[in-house]
Structures are given as C-alpha cells and as structure tokens.
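Please find below a short note on the model you sent for comment.

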Amino acid sequence: TLEMVEGQSLEAVSAASFTARQDLTKEMLAQRLSSVLQIVSRQNEYIIHSEKQTLQLKSECLTMEPPKLEQIKKWTVQNYKFTKQLVSEKFGHTTKTVDKDLDDRIEEVKGIQNPVR
C-alpha cells in the first residue's frame, strides 16, 4: 500500500524532491563554473597585459641609450683622438697642431703682461 501525502503518493513526492535537488545541484555547478571561468578569464587578461607591458619595456630599454653611457663614449673618442695626435707630434710623424687665433690671443696677453712687470 502506498501512503498518500496531500493527495500524492510518497514515491511521487520523493521523485519530485530528487528532481528539485538535481536541478539545484546543476544550477549551483553552473554558477561555480561561471565564476571559475570569470576568474580564469581575468587572470588571462592580466597575464596578457603584463606580457605586453614587459615587451614594451624591453623594447624601450633596447632602443634607449642612457645619457651617462653616451657621455662616456663621447669622452673616450675625444680622448683617443687627442692622445693619438699628441703621440704623433712627439714622434715627429706629424707637425705640431697650431691654432692661429689662440696663438694671436696668447701673444696679445703676453704683450700686455710684459709692460706691467
């Protein structure tokens, strides 16, 4: 004999309850899956954004020369040219470098200093 609960059999109520629990479980799983997918999507966006920034910084660093390095290069080239000229003059391979304007100014200053002494 089947017991009747409010006009329904116990088996019918049990089956309906089981179906409702399955639907609730499916709904909860769908919500959890949706939230996990959102988290993964955000992480992927963050990773992609971070990689883009890293690549941009690397390209900027590779194309940019620091000012200090540029100053050292300039000083090295100037120092090399000066030393090469000086050594060549000392060994007699070239004539002494003369700056006419500078020599004229030096003579002028010497001329002024002589009468003062």
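The points below cover the fold, the surface and two residues.

1. This is a predicted model, in which local features need pLDDT of at least 70, side-chain atom pairs count only at pLDDT 80 or more, and totals for chains, interfaces and linings use all residues. Residues are numbered from 1 along each chain as its sequence is written, and side-chain values use heavy atoms, with hydrogens and water left out.

2. The chain has two strands and three helices, in the order β-β-α-α-α along the sequence. Helices (H or I, at least four residues) and strands (E, at least two) are DSSP runs, numbered from the N terminus.

3. Of the 117 residues in the chain, 2% are buried. Buried means under 20% relative accessible area, exposed over 50%, and partly exposed in between (1.4 Å probe, protein chains only). The accessible surface of the chain is about 11,400 Å², and carbon and sulfur atoms hold 60% of that; the areas come from the Shrake-Rupley method with a 1.4 Å probe.

4. S88 is part of helix α2 (residues 67-90). S88 counts as buried because its relative accessibility is 18%. Leaving aside residues up to four places away in sequence, S88 touches H93 and T94, where contact means heavy atoms within 4.5 Å.

5. D101 belongs to helix α3 (residues 100-116). With 57% relative accessibility, D101 counts as exposed.
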